[in-house]
Amino acid sequence: MKDLKHLIYFENLLDNADNELVEQAAKDGRYIMGYTCYHIPEVLLNVDKCVSVRLRAPRTGSIDISTYYMSNYVCEYARALLERAIEGGYQFLDGLAAVDACSMMNRFYEHFNILKCNEKPHFFLPILDVPYKTEDFSYNHMQRQLEVRLLAAMKEHLGVDISDSAIRAAVAEHNIICRIMQEISEMRKADNPVITGYEFHVLNLVTYTCPKYLILPYLQETLEELKKRKPDDKLPRARVGIVGSEIDDPEFTRMIEDAGARVVFDRHCFGSTPGREVIELNDKEDALPQVVRHYMNSCECARYIADNKVLQRRETADRLAKEFKADGIIYEQMKYCDFWGFERALVSHIMAEEYGWPVLSIDRLYNAKGSGQLRTRFQAFVESLEIKKIQKGGK
Amino acid sequence: MVLTTELLGIKNALAERIEKKRGKASTKTKYPNPAFFRAKDNINWKAQGRNIAEVANICVEMFKEADHKAFWKLQADRCVDDLRRVAEEFKQATEMSPDELMEVFLHGERTLGKLYRKGDMATVRREWKGLVDTAYDFKEWARMWGMLLMTFSKDLIPALNSALYYRWMISYFCCVGFMDKNTMGQKGSALRMSHLMIFDIFRYVAENLVFLAKCDEKNGNSRELNKKVVLFDEMTMGQIMAGFPDLIGIPYQLMPVFLVSEIDQLTCIPYIDAVESYGLPADTCPVPSSECGALVIDALPHMGSCFISSSMPCDGSVMASSYMSRRFPDLPVYHLTFPVRYEYEETTQDAVEDIKGCIKFVEEITGAKWDWNHYFEQMKRFNTETTYELQKWDVNKTDCPQIIGPCYELFRKWNYEMDGGADPRVMKTFTKVNEIMHKAYERREEAWRGKMKYRGIVWSCPAHYYANFSNWLANCWGIDILVEMESLNFTKMLETEDKDEALMDLARLYERMVMRRHTNGGYHNVVDELWRQVEDWRAEIIIMYQNVACKNMATLQGVLDDQCRDKNYHMIWIEHDLMDPRTVSRKDMRAKVNEYMRTVMKAEPVDPTLLEFDDEIAM
């Protein structure tokens, strides 16, 4: 396929957390709000003069110092972020919206404060408590946390407008991005998609890591380009979806596709499900509780312990695999992630035994692109899917 | 078989009548309710027959495959070694002066390393603690056996059957050995207090083992009792059951996984291996891993009316419940999930809502009704127990600490988490221990005679497979552990009159359960709190456990190191893998202390025979 016009530009944007669009936003007088986790509603970090940046640690090399602080059996995403923070890589932030959702990320936030990783005088780092369930009181709990811990702090430290109208404006802007991404995502359902999994991953990541108002023109242009794009003649050998924990490195998706597969859906943190769904607001109720419900209901984090959410995660994976005509599912987890470690081990069996999907179950490091072992496993999985297809055809 | 069931039925009916008559004569309620023991079993005798045949086959196969020559050679070698040891001990005794001999005779031996022998699962003999203390120790040994036999005889057949189904049941046969291990080196008042406390724990264990066996579908299959049983995740406190006096709350995995791993270091290995083969990464905490592994190999009884899972105390524990649902899909589950940031007062009401939801769930499933009077009664007892606990701390903070050692450590955790004032008999133990402790303090007794060299504090979670590590620390190096992190929990008196405030207090109590109190809610709860406690207890040495899979603690390693250096404290890091002794053995744990004491403290051991010994496969 012909290269996308802005692909290299997007890739360059992903080379730094503090990319040129983030710098531009800061120059425009915007406040940069960092976050890492879907439990924090992204739209709330885009109210008024704020812009959200979902934190990554691109081009991570040694993580020795953070390993000293956090030890070595700990999520490499958390360690990579801490290493980058200690190096001064997040000095551009005006605030960091944190959640005590998993112990390792929580400690990253705490170290951010202990080690004074941001010197801006108005910098603030609220840590929110998030529920494990979706009962009525859980929604209230989340809403109160957002009001008391996040929005109030944003108003106090940055002086921004956190009113209902400001939240609605942020949701409107968010929805524009989501509609574009959804339209692009739909293209992946075609038998011979005009977009690769890698390209989609790159596009999706820039929507998380760049100010919305600055990235929007590029996305719109890319959408138009994709509409006219001609796919390769050759069909992918196998169509797979990814389900699991945090992947902010598009090279991981590329590695799967280099093995001959096409990644057709992305149900992982930093993926488009959840994250790029349109938020429908009504006028009868304040925006905040609606936003809270949207994020809590759509959240697919393995931390949600309630039976309905456990089932939802399996059903979502099954639904996406059917909708995007996947041949198999790759269940992945960031190494040392407790939530996804337990979830992956169990659900990879369930998806195979009860839902009938061929499943590849892997754990991986934050910086996984150099892993020959993973590459071999992807190749073997693609081959097994091909064999299954042949056998199915033979019948 | 049928005749046995009939006879049992008659026996139960008679016992019930007697109980009713007694009930009229006295309004005093017994704990646990005797009716629970008498609940009718529905044993599937055909299945039992099949299982016995299978076990017999396994035994025959084992017998056939065993290397009998090597077995008998080993026995012969041991006999020779025993003779050599006896001769050596006799020789040592003859070389002693009359005063020395009298000292040993009256106050016990001082070199304990010789009790261990490479390749043995138990010590070569019991410790000689001196004439009076050995006699007392033997009396307690007999009392423990008596209690165990009496408790199991309340419904013996299911309990015996379960020993044929579950390998962890066999480990409980060694519980008296566990008692010996935990009291090693203790004498006088310290020994008495330890025995009193560990007795209560094992009475609770024995009673619950009987209930497990009676309820288990494979064994007693008592439908009557199962209706009354509410299962808890073992990491959930039992106090919520105070409002349901007609039900039994059983910490489900406590007996098959958690506690037994303290008794027998090898118990959890098959669980861990099974779940890792299933696909679980090896870096997860061994507690939830073992729980899940026990489910994978079907080592947990199928029982109860419902299950209360929990989000405590860490991420791994949260996830274990989905394995439970997978194994027992017919068991209704309530997920009790408290806010992690428990110091945010605005979250307490949400915790209360969760408790209310849990109560409603139990009511709906079991038909029982929450009883405020009973709840308040139990909490009053729990408050009194907390008062006693605080007195222990006060004494231990003085220059003459009295109540130290593994029995106390276990008792504190068990009482705080599992008993929670439920058992009125425990109050007697508190009173007795308190009396002994104060008298011993007045006499300025040494809790570890001649071995009080350093004041120590334990931080982070201890290794299950080395529950008596603090005992070794005292006996070998004279490091006396005054308090553990896991003991320092919520000590506020719980509300016993206002219902709304009582629920708030209950939420606060749960949020500050063992481990969670420190590892959740922010790093200050474990880092700043440590320095505060070190000052408060005037500790000279910090035993800093490092469970290699505990992410909550491991993620603060650097900060703890940095701040400890700044404060110039002695902190000994001791790695372990909680329930898996293959990763870091007991010997490796001891080596860390030996190294620090020799190189940094330039210290001499109190008992050099304990520096190096082999207990790789010892219970």
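Predicted model: local features only at pLDDT ≥ 70, side-chain atom pairs only at ≥ 80, totals over all residues.
**The interface**

In this model, 45 residues of chain A are in contact with 52 residues of chain B, and the two chains bury about 4500 Å² between them, with 56% of that area on carbon and sulfur atoms. The polar side of the interface includes 32 residue pairs in polar contact, both residues being at pLDDT 80 or more, and the rule also finds eight salt bridges across the interface. One of these salt bridges joins A:D338 to B:K551, whose closest N and O atoms are 3.0 Å apart.

On the side of chain B that touches chain A, at least two residues each come from α15, β3, α16, β4, α17, α25 and α26 of chain B, and the largest share, nine residues, is supplied by α16(B). By residue class, the side of chain B that touches chain A divides as follows.

| Class of residue | Number on the side of chain B that touches chain A |
|---|---|
| Nonpolar | 20 residues |
| Polar | 20 residues |

**A strand pair in chain B**

Strand β8 of chain B spans residues 570-576, and five of its seven residues are buried, so this strand is largely enclosed by the rest of the structure. Its partner is strand β7 of chain B, residues 541-547, which pairs with β8(B) in the parallel sense over seven bridges. Within this pairing, B:I542 stands opposite B:M571 of β8(B).

Terms used: Residues numbered from 1 in each chain as written. Chains lettered and ligands numbered in written order. Heavy atoms only, no water. Contact = heavy atoms within 4.5 Å. Buried area = accessible area lost by both parts, 1.4 Å probe. Salt bridge = Lys/Arg side-chain N within 4 Å of Asp/Glu carboxyl O. Polar contact = N/O pair within 3.5 Å; in protein donor to acceptor, adjacent residues only side chain to side chain. Helix = DSSP H or I, 4+ residues; strand = E, 2+ residues; numbered from the N terminus. Nonpolar A, V, L, I, M, F, W, Y, C, P; charged D, E, K, R; others polar. Buried < 20%, exposed > 50% of the residue type's maximum accessible area, 1.4 Å probe, protein only. Pairing = 2+ DSSP bridges.
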